[in-house]
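Visitor: I am new to this structure and would like to understand the terms used for its surface and its inner spaces. Please take me through them.

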Amino acid sequence: MAALASVLPAQATAQADGAPPSFVAASRAFELHSDQRLNLHDFLYARVRADTLDAHGRAATAGDRRAKDEACLAGMDEASSAGWRSAEVTYAAIMDRHHFDGPAIAIRYEVAGFDVGMEVEDSVRGPVLEALAAAEAAYRACWWPEHDARNREWAASLLPRLVRHEDRLMARLAAAFGAPWPARMRVDVAGWAGPGGANTVFEPNHIVVSAADPAYVGDAALEMIFHEASHTLVSGRRGAIAAAIRTATESLDVEAPRILWHVLLFHTAGYETRRLLAEHGYPSYSPYLYAQGLYANAWPSLRGPIERHWEGYLRGEVDMADAVREIVAAIAGT
């Protein structure tokens, strides 16, 4: 921990005093955690959504990881091994039906230690919490040391980038999205973090991000942690971008793709990260949209209009309403 703290300014490490064991470090924008219980929850969730997982929580291509897992479980006492297997059955029966819905979010908050008072039916909450308790011994013996080390290594790579860039990124993204940047957010580093590698819930704000996804390493980790935090400012129903899209579609009497707000969020976080890195002498960064082929494979019709008009807005050449109107008009062919 001393090595991590040494890269942070004094105000970024003050919160470490009296912090829970999960605490890794904090910057102005984020408080990073590697929490055993949250990682266990994430890992069990992933196990029921993919047949074989490697130690990092991502899908494995060979059976050697499964063999190693089985050997570890076989070497444990019967109660611990049985507890793990029963937990997998419980998650397969219950949690696989709940992905990012109300019960899943409520349980996620509770597991992460948030006191939000969300009610969950006993038929879901009780068995899931019992499964977590039953699986803890096996997880601690077979996976947790490796997962915790991975999480902390990922955080150690991200922290210097936050110290150097986060103030400007917060300011630029807040200006682009037309909303004040939120207070420091808790980030739980885990292995799976959902099918997209990260996800965010709101009020209270909480991010879970994968330290194992190869798309979330290096400078991409900086972009995507700010992408996730930007979800607290931008959605399909609230915020300045949603309002601008509604106004444009109503005035033009056309429909816009439902995903447009999210692609604009993606593009903005990537554009500002690339611009900031270039200002610091690293001009070759490829934002997530391009590096992962999302424009090419998922949203090819959106790329040209967004590059032409939204980047003009980000450079201060036009206002948001005009940029969004031009984008919507180009997409609709009007």
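Visitor: What is the accessible surface of the protein, and what share belongs to carbon and sulfur atoms?
Guide: In this predicted model, the accessible surface comes to about 14,600 Å². Carbon and sulfur atoms account for 52% of that surface.

Visitor: What makes a residue count as buried, and what percentage of the protein does so?
Guide: A residue is called buried because its relative accessible area is under 20%. Of the 334 residues in the protein, 52% are buried.

Visitor: How many helices and strands are there?
Guide: The protein has 15 helices and five strands. Among contacts between residues at least 6 apart in sequence, 68% join residues at least 24 apart.

Visitor: Why is one space called a cavity?
Guide: A cavity is a set of points where a 1.4 Å probe fits but cannot get out, whereas a pocket is open. By this rule there is one cavity of 30 Å³ or more. The largest cavity holds about 170 Å³ of space. Its lining has 14 residues, and the closest to its centre are His41, Asp42, Tyr45, Arg108 and Asn199.

Visitor: Which element gives the most to the lining of the largest cavity?
Guide: That element is α3, with four residues. Both α3 (36-47) and α6 (102-112) supply at least two residues each. By class, this lining divides into eight nonpolar, four polar and two charged residues.

Visitor: What makes a residue part of the lining of the largest pocket, and which lie closest to its centre?
Guide: A residue counts as lining because it has an atom within 4 Å of a point of the pocket. The largest pocket has a volume of about 520 Å³. Of the 25 residues that line this pocket, the closest to its centre are Phe100, Ala198, Asn199, His231 and His262. Two or more lining residues come from each of β4 (198-201), α9 (219-230) and α11 (260-279), and β4 gives the most, with four.

Visitor: How do you know that Ala198 is among the nonpolar residues of this lining, and how many are there of each class?
Guide: Ala counts as nonpolar, so Ala198, which lines the largest pocket, belongs to that class. The lining has 13 nonpolar, 10 polar and two charged residues.

Visitor: What lines the second largest pocket?
Guide: This pocket contains about 310 Å³ of space. Its lining includes Gly236, Arg237, Arg246, Arg258 and Trp261. Arg counts as charged, so Arg237, Arg246 and Arg258 belong to that class. By class, the lining has six nonpolar, two polar and three charged residues. The element that gives the most is α10, with four residues.

Conventions. Residues are numbered from 1 along each chain as its sequence is written. This is a predicted model: local features need pLDDT of at least 70, side-chain atom pairs count only at pLDDT 80 or more; totals for chains, interfaces and linings use all residues. Side-chain values use heavy atoms; hydrogens and water are left out. On a 1 Å grid over the protein atoms alone, a cavity is a set of points where a 1.4 Å probe fits but cannot get out, and a pocket is an open set with protein on both sides within 12 Å along at least five of seven lines; lining residues have an atom within 4 Å of a point. Grid points are joined across faces, edges and corners, and a volume is the space filled by probe spheres set on the points. Buried means under 20% relative accessible area, exposed over 50%, partly exposed in between (1.4 Å probe, protein chains only). Contact means heavy atoms within 4.5 Å. Accessible areas come from the Shrake-Rupley method with a 1.4 Å probe; for residues, only the protein chains shown count as cover.
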